[in-house]
Amino acid sequence: MSRRRTTRRAVQASAMALLLCFVMLAGTTAAWFTDSVQTGINTIQAGNLDIELYYAYPSDVVNGAIADNKWKVVTADTPVFDPNALWEPGYTEVVYFKAVNEGELALKYLMNVDIVSETLGLTKTGASIKLSDHILAYAIQAQQGHWAPFANREAVTDPASLPAEFNGVPGKTLAEAADGYAYGNPPANPYSLDLDQWLQPGECWYTSLALYMPETVGNEANHDGEHRPSIQLGISLVATQYNWDPEDDSFDHNYDANATLIVNDVNDLQAAINAAKDGAILYLKSGDHVLKSGPIVINGKDVSIIGLGEVSILKDFMNTHVFTVSNGSKVLFQNLDIDGNAKNREGIYVRNDCNVTIVDCSIKNTGGKDIMIDEASDAAHGLNSKSTVTLINSDVEDVAACASPVTSVSATQDTYVYFNFDADSVVGNIEKQSINLKPENIFINGDNSGANGGIKYNYISTAADLLALAGKSLEGTYILSADIDLEGAALGTIGAAYGKTLTIVGNGHTISNGKSAHTSHNGMKHHGMFYAYTDSTLNISNLVIDNFDIDSTADTERNYGAGVVVAFADGGCTVVLDNVDVKNCDILNNVPDIGDEAGVYVGYQTGTLIMKDCDSTACTVVGETAEKTGAFIGMVNGTATLTNCTTDLTIGTCNRVAGTLTEN
């Protein structure tokens with residue numbers, strides 16, 4: 001069998017998923033105005049920046065042209081290449097793109113190939129296969145407003161065969177293309193998008209893009225039948241206002257220069273920040289970046305730092321931060337993977353009246369704290385210094401707040417720290433590191449309105465911390481910062497106080513190896529970790545409970561409800577259990593006149609109960625009577641709604657005496 005035929009058969013078995021990722025800046029700023037006169041009245045109108053990307057296929061070409069109705073709008077969900085293609089040597093796919101300035105302002109844009117993800121394969125000899133090394137990308141940039149298709153396969157493999165007026169870009173492998181291969185002339189200044197592709201309103205620019213597996217590819221891409229290589233390809237488009245614009249601000253055409261910048265190397269980011277105006281967006285090009293000199297300082301700036309594609313930053317220095325944000329800065333960090341490389345100090349260090357938002361980021365392994373807010377009362381900022389850090393869909397291992405020592409006044413009095421964490425963020429240890437900041441001045445998920453706003457933050461990191469709450473009625477937010485091993489200790493039920501809200505944030509941690517103590521709340525005995533008083537709200541999320549047992553056989557007084565998570569939910573209360581998993585727990589509550597309702601999650605429920613994404617495995621439950629025993633709830637006497645909850649118990653999932661039960 002020929003070498004090519006062997007590869008063809010192997011590669012045909014592997015489909016390459018190609019997903020287009022479309023990134024576009026569009027919006028208005030107060031700097032963009034036009035002026036018109038109507039009966040002596042000036043009307044001020046904001047200009048808008050709007051670029052649209054369209055695509056079409058060779059099959060859409062009729063008589064050398066593509067009709068307007070054949071061009072389709074690109075969205076983030078558009079798979080412009082065939083995701084089911086059987087790639088083999090010689091296989092080619094072509095897509096045509098049209099970028100149109102549909103706004104009112106001149107703009108410039110950058111179009112780039114990005115590898116969203118790639119899975120390596122193995123040959124029969126154990127060598128790795130990387131598809132991006134075996135598929136070539138070719139592009140044709142025509143003159144503005146002119147379309148240049150690939151006329152045939154030869155035009156794909158040899159763009160030089162195209163007419164001279166068209167700019168054929170030599171083919172590169174996808175691995176090379178995704179490493180900063182921009183279609184068109186690359187910017188000479190690494191901080192700008194100053195490309196030749198700039199469009200006035202109504203103008204368009206065409207790009208013809210082809211992917212091609214050369215016929216010379218052989219057994220080096222022949223996988224072993226089990227470890228198949230695959231790749232996901234993205235195309236990103238970034239646009240900004242052109243910094244020489246037909247409309248000016250009565251002085252010149254450069255008033256919006258450097259509003260949007262692309263930085264090729266993280267080590268060039270400091271110079272870009274220093275030169276940036278307030279409101280600037282700095283894109284850090286995709287790839288692995290090693291920060292050799294730090295920290296990167298953002299001092300009194302309003303900027304956004306956004307990763308363009310997959311961006312990782314690895315620290316290569318000791319005893320300092322990756323980013324320092326200070327003096328009233330307002331900063332957005334987005335789509336960044338910051339790895340401290342186990343070298344000491346913080347990933348993001350925040351000081352003095354700053355507002356930091358962290359979106360779609362991972363910050364870890366810093367050797368210090370991943371995020372640190374350090375508030376100091378000083379002459380420049382007075383006593384009311386306060387900073388806010390907001391996490392959205394981000395992961396960090398350690399977060400801390402402290403106040404620097406001061407000599408004239410105590411920072412404990414009027415210094416505040418706010419943490420806002422959304423439900424999709426995973427936050428590890430949260431702690432206060434200095435005696436100079438009062439615990440009540442640290443807020444989590446608060447309203448940032450001042451000293452009386454928000455919810456007080458508390459953290460639980462040891463078994464002693466958890467046992468200290470047993471039998472108490474509480475309000476506020478309690479966050480697990482570590483797994484808790486009770487080592488056989490008996491835990492009394494923790495109550496959500498009358499008319500108050502108690503929130504338990506598990507952060508994915510586990511409470512294990514404990515048992516329930518027979519506890520009294522509201523004059524009633526019961527078994528379980530938590531109790532909800534009348535008109536209270538109890539929220540428990542992202543928690544795992546493993547090997548926590550309930551046994552009422554030695555009790556001498558009757559109990560009213562036995563549930564691993566919630567013993568009893570009182571009248572008018574609201575209980576929300578979100579992603580709470582229970583496993584390897586045994587509930588025994590069957591002694592006549594002693595035992596009563598029994599459920600794995602909730603013993604007795606009235607008021608409102610909402611459960612979602614809760615999974616129970618390897619648990620047993622025995623109640624006093626069958627009608628008061630359930631795999632999830634022992635007795636429903638209010639309104640209960642369960643969504644996407646599972647159990648491996650064969651008994652009825654929920655029982656009720658009265659009320660409403662909904663299972664989705």
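Strands (E, at least two residues) and helices (H or I, at least four) are DSSP runs, numbered from the N terminus. This is a predicted model, in which local features need pLDDT of at least 70 and side-chain atom pairs count only at pLDDT 80 or more, while totals for chains, interfaces and linings use all residues. Residues are numbered from 1 along each chain as its sequence is written, and side-chain values use heavy atoms, with hydrogens and water left out.

View 1. I460 counts as buried because its relative accessibility is 3% (buried means under 20% relative accessible area, exposed over 50%, and partly exposed in between, with a 1.4 Å probe and protein chains only). Look for L480 here: 20 residues separate it from I460 along the chain, yet their C-alpha atoms are 4.8 Å apart. Setting aside neighbours within four places in sequence, the contacts of I460 include L466, L469, Y478, L480 and I484 (contact means heavy atoms within 4.5 Å).

**View 2. The salt bridge between R558 and D596.** Side chains of opposite charge can pair when their charged atoms come close. Here the side chains of R558 and D596 meet at 3.1 Å, N to O (a salt bridge is a side-chain nitrogen of Lys or Arg within 4 Å of a carboxyl oxygen of Asp or Glu). This pair links distant parts of the chain, 38 residues apart: R558 sits in the loop between β43 (537-551) and β44 (562-563), and D596 in the loop between β47 (586-589) and β48 (598-599). D596 is buried, at 4% relative accessible area, whereas R558 is partly exposed, at 25%.

**View 3. R558 again, now with E624.** The closest N and O atoms of this salt bridge are 2.8 Å apart. E624 lies in the loop between β52 (620-623) and β53 (629-630) and R558 in the loop between β43 and β44, so the pair ties together parts that are 66 residues apart in sequence. E624 counts as partly exposed, with 26% relative accessibility.

**View 4. K612 and D578, a salt bridge between two strands.** The closest N and O atoms of K612 and D578 are 3.9 Å apart. K612 belongs to strand β50 (residues 608-612) and D578 to strand β46 (residues 574-583), so to speak distant parts of the chain, 34 residues apart. Both are partly exposed, K612 at 35% relative accessibility and D578 at 22%.

**View 5. A network around R558.** Salt bridges that share partners join R558, D596, E624 and K628 into one network. A search of the whole structure finds seven salt bridges.
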